[in-house]
Amino acid sequence: MIQGFIAVYLREMIIVKRRFKRLVASMAVSPLLYLLAFSYAMGGEVKFDGFTYTEFLIPGLVAMSSMIQSFAIATDINVARFYWGIFEEFQAAPIRNAAYVAGEVLAGMSRALIAIVVILLLGLAFGVNLDYGPLLWLAALLNSFVFASLAVALAMLVRSHADQSLLTSFVITPMAFLGGTFFPVERLPDWAESILFFLPLTHASESIRAVAFGRVPDWRAYAVLAGVGLLCFLLALKTVNKARD
Amino acid sequence: MIQIQNLQKSYGKTRALAGIDLRVGQGELFAYLGPNGAGKTTTIRILTGLTQLTGGTALLNAHDIRTRSRAAKRQCGLVPQQINLDGELTVRENLDIHGRLFAMPGVTRKQRILELLDYVELTERAENLVKQLSGGLKRRVLIARALLHHPRILFLDEPTVGLDADIRRRIWGLIKKIQQDGTTIFLTTHYIEEAEFLADRVAFLDEGRIVALDRPDRLIAELGGWAVDQLADSGMQTRYYPDREAAREAMAGRDTGFTLRRVNLEDVYLAQTGKKVQ
């Protein structure tokens with residue numbers, strides 16, 4: 001089990017190492033544009049609870065990037081599956097589905113971790129220095145656990161690259177904009193807030209922002225992220241066999 | 001040893017395998033021939049755990065592929081038809097990942113990689129990215145990878161497809177060498193001369209069924225040793241004769257318009273199914 005898990009994870013990390021500069025550049029582009037656009041457009045006039053908009057944005061970008069980068073493992077899995085045929089190498093090996101899924105999920109979480117560091121460094125460049133304590137990292141890691149597990153599950157179910165990009169368009173993009181990245185969810189009407197409560201990203205953004213602003217985060221948000229993550233992980237385990245035919 | 005009983009596979013209403021019975025002995029080189037869509041690759045995919053069977057049983061060295069799938073997988077190495085190496089990894093990294101997937105301990109794995117790189121004459125290419133290699137070199141990496149964990153059964157699915165004749169013959173030498181080391185080899189190919197040169201026994205598959213199975217020399221002898229191809233209004237006609245003299249006698253009085261040649265496995269297949277091996 002452990003050797004299989006290490007093999008799957010190691011393969012992904014070798015690829016990350018080989019593409020590191022390109023990967024970091026791609027992780028920085030969108031957040032940099034958001035920071036430039038929103039920070040300069042809004043200046044210091046827009047404030048939330050005494051924090052500038054740039055300060056408000058950084059924790060949201062940490063949550064959003066950890067989601068996007070962990071979910072991006074689905075694209076790599078599908079390139080390996082449909083283009084290189086590598087997935088068959090894993091299927092023909094005597095490893096458990098759990099080893100495969102755990103290796104890919106951890107690879108997704110590792111990518112998310114790099115993305116978080118990139119955002120925090122960008123924040124520093126924009127003069128933002130908040131509280132980046134352990135609970136912030138825990139929330140971000142749980143968030144990436146949710147989306148990396150979801151990514152593996154969906155990557156096993158799709159039948160082509162085109163299906164994969166549809167999923168990104170319909171699942172990830174709306175969540176990125178509605179999950180508390182760019183505005184406080186509590187400013188929305190009650191009905192909208194109730195709907196957004198069901199998005200894992202909302203819980204991640206709020207927890208990360210609470211820690212970054214020096215407040216005590218709601219432990220229930222962590223429980224939701226851990227629970228949803230576990231469900232997605234179990235779903236991923238189930239779907240590995242579906243990819244076989 | 002491979003034991004297959006009534007192996008079946010359906011994709012919805014389409015039947016890919018209609019009940020295959022087969023037994024391949026330890027150390028045997030067995031060729032599995034047939035036209036595109038006959039079920040050759042499907043059989044290999046089932047036996048190597050890439051596709052689930054619909055019915056029947058299959059044992060690899062007494063391990064049931066359904067109930068003891070991981071033990072069965074440990075028995076086999078696979079050289080797939082499609083090159084499925086990781087282009088962004090080096091040759092050595094590809095082999096290393098494979099060794100880890102088969103839980104090979106570090107020292108053994110590193111040693112075995114060196115041995116196999118030497119075996120397939122790729123030592124100097126070990127640190128090259130796979131995407132920089134030619135098709136023939138990639139095929140050799142696939143063979144090294146398949147052999148890395150000391151499989152007792154090696155599945156070769158069209159191992160020389162698309163390769164130049166000289167590289168193909170080089171790979172044949174490698175396959176013979178692997179068999180001499182005691183490995184059971186299950187080969188699919190559409191190069192009929194490949195099967196004739198390499199195989200101890202061949203099976204012809206058509207529409208998911210085995211239509212002929214025996215040693216190549218026996219199958220050829222059953223049809224007759226010699227063939228005469230003759231151009232007729234309806235196309236090429238082939239007649240078979242037990243020996244050269246009988247064939248010459250039949251063609252007596254005709255100087256042109258026919259070709260006298262030895263019977264080969266393709267004739268056997270044509271006679272069985274009326275189709276050409278592809």
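How many salt bridges does the rule find across the interface of chain A and chain B? The rule finds five across that interface. The legends below describe close-up views of a predicted model.

**View 1. The interface between chain A and chain B.**
On the side of chain A, 27 residues are in contact with 32 residues of chain B. Together the two chains bury about 2,800 Å², and carbon and sulfur atoms account for 51% of this area. Three residues, A:Trp84, A:Glu89 and A:Pro94, supply 24% of the area that chain A buries against chain B, more than any other three residues. Nine residue pairs are in polar contact across the interface, counting pairs with both residues at pLDDT 80 or more. In chain A, helix H1 (2-18), helix H4 (73-84) and helix H5 (86-91) are the elements that give two or more residues to the side touching chain B. Of the residues on this side, ten come from H1(A), which gives the most. By class, the side of chain A that touches chain B has 14 nonpolar, five polar and eight charged residues.

**View 2. Salt bridges between the chains.**
Over all chains, the search of the whole structure finds 20 salt bridges, and five are found across the interface of chain A and chain B. Side chains of opposite charge can pair when their charged atoms come close. In one pair, A:Arg18 forms a salt bridge with B:Glu93, with the closest N and O atoms 2.7 Å apart. This pair crosses between chains, running from helix H1 of chain A, where A:Arg18 lies, to helix H3 of chain B, where B:Glu93 lies. In another pair, the side chain of A:Glu88 meets that of B:Arg45 in a salt bridge, at 2.7 Å from N to O.

**View 3. The largest cavity.**
The count comes to three cavities of 30 Å³ or more. About 130 Å³ of space lies in the largest cavity. Its lining is made up of 16 residues, and those nearest the centre are A:Glu89, A:Ala92, B:Gly77, B:Leu78 and B:His98. A:Glu89 is also one of the three residues named above for the area that chain A buries against chain B. At least two lining residues each come from H5 of chain A and from strand S6 (76-79) and helix H5 (135-147) of chain B. S6(B) gives the most to this lining, with three residues. The lining divides into seven nonpolar, five polar and four charged residues.

**View 4. The second largest cavity.**
This cavity holds about 80 Å³ of space. From chain A, the lining takes A:Arg11, A:Ile86, A:Glu89 and A:Phe90. From chain B, the lining takes B:Asn84, B:Leu85, B:Asp86, B:Leu89, B:Asn94, B:Ile97, B:His98 and B:Arg145. H5 of chain A and helix H3 (91-101) of chain B each supply at least two residues of the lining. The class counts here are five nonpolar, three polar and four charged residues. A:Glu89 and B:His98 line this cavity and are also among the residues nearest the centre of the largest cavity.

**View 5. The largest pocket.**
The volume of the largest pocket is about 510 Å³. The pocket is lined by 26 residues, of which A:Glu186, A:Thr202, A:Glu206, A:Ser207 and A:Ala210 are the closest to its centre. Helix H9 (190-196), helix H10 (200-212) and helix H11 (219-239) of chain A are the elements that give two or more residues to the lining. H10(A) gives the most, with six residues. In the lining of this pocket, 13 residues are nonpolar, four are polar and nine are charged.

Note on methods: Residues are numbered from 1 along each chain as its sequence is written. Chains are lettered from A and ligands numbered from 1 in the order in which they are written. This is a predicted model: local features need pLDDT of at least 70, side-chain atom pairs count only at pLDDT 80 or more; totals for chains, interfaces and linings use all residues. Side-chain values use heavy atoms; hydrogens and water are left out. Contact means heavy atoms within 4.5 Å. Buried area is the accessible area (1.4 Å probe) that two parts lose on being put together, summed over both. A salt bridge is a side-chain nitrogen of Lys or Arg within 4 Å of a carboxyl oxygen of Asp or Glu. A polar contact is a pair of N or O atoms within 3.5 Å; within protein, one must be able to donate a hydrogen and the other to accept it, and residues adjacent in sequence count only if both atoms are side-chain atoms. Helices (H or I, at least four residues) and strands (E, at least two) are DSSP runs, numbered from the N terminus. Ala, Val, Leu, Ile, Met, Phe, Trp, Tyr, Cys and Pro count as nonpolar, Asp, Glu, Lys and Arg as charged, and the others, Gly among them, as polar. On a 1 Å grid over the protein atoms alone, a cavity is a set of points where a 1.4 Å probe fits but cannot get out, and a pocket is an open set with protein on both sides within 12 Å along at least five of seven lines; lining residues have an atom within 4 Å of a point. Grid points are joined across faces, edges and corners, and a volume is the space filled by probe spheres set on the points.
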